Amino acid sequence: MSEEAEEVKRLLAFKKRLEKRVEKLESELKELKSILETVNSVLLAKGFKRAEIVKAPAPTPPAEVLPTKEEMVVQPPPMPEFKEVIPLKTASGESLAKLYVGNGFLKIVLAEDKNFSVNTPPFNQFLVERVLAKMQQKDGELAKAGKLKPEEIFSYNIIRDGDIIREIHIKNFDAERLRELKSSVKWTLEKMYEKIKSQG
């Protein structure tokens, strides 16, 4: 067998080993991503009680030092999910909500002791219909005109426990909209709190 043929044979054997190694690493990576997804789901289910919850997966360490499943669960998240936390309070210092601001994602957690109901004005009449729905409608029109990608459309999700509003999740907004959302949410919750107090 010629020297060239021998070299080709060696390279083919090396290629096979490399392919097996890649396959093994991909399998481990898949398993780690699955574990990370489970951890994120559990944290989401607990209502983002801490601001450190991470969505972006940490860089995968070399295969030789991959942590075990148990280690994966107890490791603290490497970076905070939210870059800013803005408390919303009444003039007298009563806590209304906290705004957790991330990159293109906003989570508004309403004060648990206030029991803000979706039926208390001006929540639906003002905040939902005139602020949130209007922003979404405007982006929808821009997307139809081809000026915005569908995944860039402003969207919101109201997390409720029966009629009680627990959280509002908002995606796709700029600095100007964030200012508008902050003042609109604060004004709405102040008015709702006044109504709750007068009824109580």
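**Strand pairing and helix packing in the predicted model**

Strand β2, spanning residues 95-101, is largely enclosed by the rest of the structure, because five of its seven residues are buried.

Strand β1 (residues 84-89) pairs with β2 in the antiparallel sense, over six bridges. Within this pairing, Pro87 has Lys98 of β2 as its bridge partner. The two strands form a hairpin in which five residues separate β1 from β2. In the turn of this hairpin, Gly93 has a positive phi of about 95 degrees.

Strand β3 (residues 105-110) also pairs with β2. The sense is antiparallel, and the pairing runs over five bridges. Ala97 stands opposite Leu110 of β3. The hairpin of β2 and β3 has three residues between the strands, and Gly104 takes a positive phi near 70 degrees there.

Helix α3 (residues 123-144) packs with helix α4 (residues 175-199) at an angle of about 165 degrees, and the axes of the two helices are 9 Å apart. Since angles over 145 degrees count as roughly antiparallel, α3 is roughly antiparallel to α4. The crossing in which α3 passes α4 is left-handed.

On the α3 side, the contact with α4 is made by Phe123, Phe126, Leu127, Val131, Leu132, Met135, Lys138 and Asp139. These meet Arg177, Glu180, Leu181, Ser184, Val185, Trp187, Thr188 and Met192 in α4. Sorted by class, the contact of α3 with α4 comprises 10 nonpolar, two polar and four charged residues. Lys138 and Asp139 in α3, together with Arg177 and Glu180 in α4, are among the residues of this contact.

Lys186 also lies in helix α4. With a relative accessibility of 32%, Lys186 counts as partly exposed, because that class covers values between 20% and 50%. Beyond residues up to four places away in sequence, Lys186 touches Leu88, Lys89 and Leu96. The C-alpha atoms of Lys186 and Leu127 are 10.0 Å apart in space, and the two residues are 59 residues apart in sequence. Leu127 is one of the α3 residues that meet α4.

Notes
Residues are numbered from 1 along each chain as its sequence is written. This is a predicted model: local features need pLDDT of at least 70, side-chain atom pairs count only at pLDDT 80 or more; totals for chains, interfaces and linings use all residues. Side-chain values use heavy atoms; hydrogens and water are left out. Axes are lines fitted to C-alpha atoms, for helices over the stretch in contact, and angles run from 0 to 180 degrees between N-to-C directions. Helices (H or I, at least four residues) and strands (E, at least two) are DSSP runs, numbered from the N terminus. Angles under 35 degrees count as roughly parallel, over 145 as roughly antiparallel, 65 to 115 as roughly perpendicular and the rest as oblique. A crossing is left-handed if the near helix is turned anticlockwise from the far one by less than a right angle, and right-handed if clockwise. Contact means heavy atoms within 4.5 Å. Ala, Val, Leu, Ile, Met, Phe, Trp, Tyr, Cys and Pro count as nonpolar, Asp, Glu, Lys and Arg as charged, and the others, Gly among them, as polar. Buried means under 20% relative accessible area, exposed over 50%, partly exposed in between (1.4 Å probe, protein chains only). Two strands pair if DSSP finds at least two bridges between them.
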